Structures are given as structure tokens and as C-alpha cells.
Amino acid sequence: MNKTNVPSPATPADLLETLQSGRLDLTPELRKIADFLLENPYEIGVCSIRQLATKAEVKPNTLVRLSRALGMDSYEAFREVFRDEIRQGRETYPDRARWLQSLAQRGEMGALYAASAESAIDNIESLFAATDHHLIEAAARDIVAARRCYVLGVGVNNAVARNFAYLAGMAIDGVRALPQGGTLPVDGIARAGSRDILIAMTFRPYRREIVEAVAVARAQGVQVIAISDSLACPIMVDAQHRFVVPTDTPQFFISTIALSAFFEVLIAFIIAEAGEDAVTSVDAYHAQRQALGIYVEDKDWHS
């Protein structure tokens, strides 16, 4: 295998196939790490070189030598191929679920805990570092000025959409989460027009009904705020406002931590843009709840 030079850019499948076909030509130490990686390919993208070496019971330099034997310039270049696979979401959800169960079977839940914490923090940091607050401010201004604001998300994103509509609706009128009930996304925007705005979100693998609904909205003259994990997402094309939100996670589904943080900021900006009317509206909500006795008070605990 030391004569093998995998063309760049390689894919995880290319590298694993090369490992499999050439493992018998490796030294015992390289063969040991090759066998570990063949059995645990998902570890490569989520572990540091020291973590991976410890798990495979080899020295970190062994991973460097194996990377070079595969024709890679460095271990980081080797690892990046697998990290890119994770970012692109090309692993299947069952693949990730199986990997999570393998961690439990090997008693490595601590590693999963650490990887989860790392990805959550990275997502939040990446969002705030890469997003100009003036762009969120401009989006908030257009939402406040719109006749109606639709927020569209399906699957786990529908819960985020409903939460945004619930909170933003306390401050301004006309905020609606889509889809509602058993309707299709396009049903909710059937009467939308140029005075309305649509917040649409989808993440890899991109949902067809979201892409189609955004296309319909554009055709009707609706302004679009597109939110995804890549500018290459189809809903980003021609959107008036575009936001890339990281969703990396070691678990089997996308992380919505950074997405929730984005919407929290957007709601804060909407209230700031809406002026005194928003404060009056929020105050009315709060006063009504107090009058209805919704909140538990200290006297309730001590009576």
C-alpha cells in the first residue's frame, strides 16, 4: 500500500476500500490501526488524533504514518475527508444510530458526552462569529414592516417555527407557523403576496416540500428569508435574506441548538424594531396571564 496514491479529493469510501485491500501489506502496527478504522469509520471524523490513537491502542504517530501510506499529506487531511462527510450529511440516520449504540456497547458514553458538548459549543460559536448582526437587523425590519410573516419548517424544524411564531406573535401581529394541521406547506401561502414575508428553513438532506413552497412564494412576489446549513441549498437562490446556521452533531439527527439561538436573536431584534407597540402588546399578554392566575405564586406554595 505504500505505493498507493489515492487521488485527491478522496472520499471515505475510497480510503476505506484502500485500507481493506491493502491491509495485509501493512506493518503490524499500521495493520492494527487499519483494522480499528475499518470497524469504526465514524470515529475518524469526531475524534482527535490522540483520542483515536488511545482507542486503537497505538501511538498518535501511527495515524500520521497510515495517512501518508494512503497518499494523504497529513493526518488532518485524512481526517478532513471524514469530517466533510459528516458536514455534508451523507451518512444515513441509521448509520449514526448504529454508531451511537456501538459507543454504549463499548462503555464510551463519556466520549459521546464530550463530542456532544464540543459540537454544541462549536455550532453556537460558528453562528455568532460568521453572522453580521446588521443582516439580522435588516431581516427583522422587513418582518416588522410585512403584512404577514410566515415561518415554515417541517420535521424537527416545525417545532422551532411554532416556537418563533408563538413568541414573535406576542409582539407583532400576523406571524403564522407553517404547515398547520394536516395541510401542505404551499397551502399556507396560497394567499400570500408582495406585502408578506416567508421565513423558510431546511437542512441537509433538503426537504422537497420546503423547496417547492419557496419557489411558489417567489412566484407570488413574497419576500424570502432562507435559513439552511449551506449557501448551496436551493432555497438560498434569490432570497432577500440568507442565513447559514451550523447543525453539526455526533448524534443521528441535526442539531437545532444554533438554530434556536438564531431565532432568539431575531425575536429580540423584532421587538427592538417594532417600537412601543411591541412593548404594549407583550405587556398585554403578561397582564392577561397574571389576571387568569396562570403563574404559580409564592403564596400558593405556603398556603
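1. Helix α9 (residues 133–145) and helix α13 (residues 257–274) have axes that come within 8 Å and cross at roughly 60°. An axis here is a line fitted to C-alpha atoms, for helices over the stretch in contact, and angles run from 0 to 180 degrees between N-to-C directions. α9 is therefore oblique to α13, given that angles under 35 degrees count as roughly parallel, over 145 as roughly antiparallel, 65 to 115 as roughly perpendicular and the rest as oblique. The crossing of α9 over α13 is right-handed, a term used if the near helix is turned clockwise from the far one by less than a right angle.

2. The residues that make this contact (heavy atoms within 4.5 Å) are H133, I136, E137, A139, A140, R141, I143 and V144 on α9, and F262, V265, L266, F269, I270, E273 and A274 on α13. Sorted by class, the contact of α9 with α13 has 11 nonpolar, one polar and three charged residues. Ala, Val, Leu, Ile, Met, Phe, Trp, Tyr, Cys and Pro count as nonpolar, Asp, Glu, Lys and Arg as charged, and the others, Gly among them, as polar.

3. The model is a predicted one, in which local features need pLDDT of at least 70 and side-chain atom pairs count only at pLDDT 80 or more, while totals for chains, interfaces and linings use all residues. Residues are numbered from 1 along each chain as its sequence is written, and side-chain values use heavy atoms, with hydrogens and water left out.

4. H133 lies in helix α9. With a relative accessible area of 43%, H133 is partly exposed; buried means under 20% relative accessible area, exposed over 50%, and partly exposed in between (1.4 Å probe, protein chains only). H133 and F269 are separated by 136 residues in sequence, yet their C-alpha atoms are 9.5 Å apart in space.

5. A further helix pair is formed by α4 (residues 49–56) and α5, which pack at an angle of about 100° with their axes 8 Å apart. α4 is therefore roughly perpendicular to α5. I49, R50, L52 and A53 of α4 meet P60, L63 and V64 of α5 in this contact. By class, the contact of α4 with α5 has six nonpolar, no polar and one charged residues.

6. L52 belongs to helix α4 and is buried, at 0% relative accessibility. Between L52 and L63 there are 11 residues of sequence separation and 8.6 Å of space, C-alpha to C-alpha. Leaving aside neighbours within four places in sequence, L52 is in contact with F36, L37, E43, I44, C47, L63 and Y75.

7. Within helix α5 (residues 60–69), the buried residues are T62, L63, V64, L66, S67 and A69. An α-helix has 3.6 residues a turn, so residues three or four places apart point the same way. After α5 comes G71, whose phi is positive, near 90°.

8. Taking a disulfide as a pair of cysteine sulfur atoms within 2.5 Å, the count comes to zero disulfides.

9. For the protein chain as a whole, there are 15 helices and five strands. Helices (H or I, at least four residues) and strands (E, at least two) are DSSP runs, numbered from the N terminus. Buried residues make up 43% of the 303 residues in the protein chain. Among contacts between residues at least 6 apart in sequence, 68% join residues at least 24 apart.
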